[in-house]
Amino acid sequence: MDPALIALFVGAALASLFMAWVIGAGSSGATPFAPAVGANAIGTMRAAFLVGIFGFAGAVTQGGSVSEAVGSGLVGGSSLPVAGVILVLVLGAGLMAVGITTGYPIATAFTVTGAVIGVGLALGGTPVWPKYQQIAAVWVLTPFVGGGIAFVIASVLPRPDVAERDSIPALAGLVGAVLANVEFSFLGEGTTSGTVRGLGQRVLAVDGLASGLVVTGVVALAVAAVVRWDIRRDERGGLRRVLLALGSLVAFSAGGSQVGLAVGPLLPLLDEIGMVSTMTVLVGGGLGMLAGSWTGAPRMIKSLARDYSSLGPRRSISALVPSFLIAQLAVLLGVPVSFNEIVVSAIIGSGAAVGGRDAVDARKILVTVGAWAGSFVLSFVLAYAAADLLL
């Protein structure tokens with residue numbers, strides 16, 4: 001094998017590892033537990049530790065679909081050369097590092113997607129308009145859907161006519177039903193992914209829609225029953241445990257989605273190398289994110305938890321439920337999604353439901369939205385120009 005090719009691949013792998021670290025230190029490492037930290041349910045350092053563990057698990061078990069979309073689904077007609085991959089990762093990680101340094105959550109999905117499309121088009125690739133439309137729809141609708149769901153939930157939880165021993169378990173049951181239908185790489189038959197629902201159907205030797213609904217319902221009822229028992233036994237502690245469980249699920253989902261932004265550009269190169277498997281790349285990306293969460297995430301966690309909204313445990317739960325639902329939908333569709341956008345929008349919606357305008361910092365929100373849009377445009381322009389001049 002050509003030593004020069006191996007050297008370039010090693011360079012690309014190091015750039016990917018740095019990108020994974022930046023993701024763990026920024027969006028993936030900060031957003032899942034920011035509402036819990038804001039509600040004083042968990043300390044910042046412990047949150048960073050847990051998000052690293054669950055993010056790594058999500059990267060390994062759910063990272064394939066988004067990685068493939070980033071690697072080969074954004075530009076048609078050509079694949080990025082090794083130098084192009086390095087350029088994409090360096091630009092994306094550089095812009096993310098600026099966000100971490102300044103304390104503003106620049107969206108990783110926007111920077112990497114813009115860079116991949118910019119480099120690919122500069123090298124003669126063709127636009128993949130259906131995928132762009134799908135991505136744009138998710139990005140545009142996320143603030144309204146996530147913030148709207150969070151607003152509705154946060155409006156219901158404090159009402160005296162809706163007992164929390166009923167409302168919180170109902171939300172937990174909804175999350176359990178979704179979780180029963182989430183695909184995990186270790187639950188399938190052979191090398192395929194599988195779900196808890198499918199595993200239950202195989203164990204019971206049944207098939208079909210009706211049996212799937214029954215298994216899903218049983219999982220949802222079991223989760224709701226456990227949460228209801230816990231809240232009736234200890235309301236304050238039960239709310240805290242629900243909040244931490246939701247944060248863990250969002251961290252898991254973040255790992256499954258965000259790892260694709262770091263390792264996705266490497267996947268087309270694996271055929272040229274022939275010695276590295278996709279799972280190995282996912283594990284490497286997950287470890288990079290874990291390291292970033294442990295060493296760099298606390299600053300961004302504090303920024304999100306303290307600056308965007310005045311949160312309590314109920315509003316934090318309201319923020320994390322839609323965050324988990326939207327994150328898993330993005331993983332299912334194979335769409336690179338911004339966890340900053342998901343969680344920040346949900347935090348704003350839940351805070352506004354109870355505290356009104358005084359509960360959110362309008363200036364901080366406007367600056368953040370500007371950083372999201374600007375990061376995509378800037379990464380696309382820089383990537384296109386750099387690729388056109390250097391490659």
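This is a predicted model: local features need pLDDT of at least 70, side-chain atom pairs count only at pLDDT 80 or more; totals for chains, interfaces and linings use all residues.
Reader: At what angle do helix α8 and helix α15 pack?

Author: Two packed helices are described by the angle between their axes and the distance between the axes. Axes are lines fitted to C-alpha atoms, for helices over the stretch in contact, and angles run from 0 to 180 degrees between N-to-C directions. Helices (H or I, at least four residues) are DSSP runs, numbered from the N terminus. Helix α8 (residues 129-156) and helix α15 (residues 313-333) pack at about 160 degrees, with axes 8 Å apart. The two helices, α8 and α15, are therefore roughly antiparallel.

Reader: Which residues make the contact?

Author: Contact means heavy atoms within 4.5 Å. On α8 the residues include V138, V145, I149 and I153, and on α15 they include V321, P322 and I326. By class, the contact of α8 with α15 has 11 nonpolar, 4 polar and 2 charged residues. Here Ala, Val, Leu, Ile, Met, Phe, Trp, Tyr, Cys and Pro count as nonpolar, Asp, Glu, Lys and Arg as charged, and the others, Gly among them, as polar.

Reader: How many salt bridges does a search of the whole structure find?

Author: A salt bridge is a side-chain nitrogen of Lys or Arg within 4 Å of a carboxyl oxygen of Asp or Glu. The search finds 4 salt bridges. A network of them links D230, R233, D234 and R241.

Reader: Is D230 buried or exposed, and where does R233 stand relative to D230?

Author: Buried means under 20% relative accessible area, exposed over 50%, and partly exposed in between (1.4 Å probe, protein chains only). D230 is buried, at 10%. Its salt bridge with R233 has the closest N and O atoms 2.6 Å apart. Both residues lie in helix α11 (residues 209-233), 3 residues apart, which means about one helical turn separates D230 and R233.

Reader: Which parts does the salt bridge of D230 with R241 tie together?

Author: The side chains of D230 and R241 meet at 2.9 Å, N to O. D230 lies in helix α11 and R241 in helix α12 (residues 235-263), so the pair ties together parts 11 residues apart in sequence. R241 is partly exposed at 35%.

Note on methods
Residues are numbered from 1 along each chain as its sequence is written. Side-chain values use heavy atoms; hydrogens and water are left out. Angles under 35 degrees count as roughly parallel, over 145 as roughly antiparallel, 65 to 115 as roughly perpendicular and the rest as oblique.
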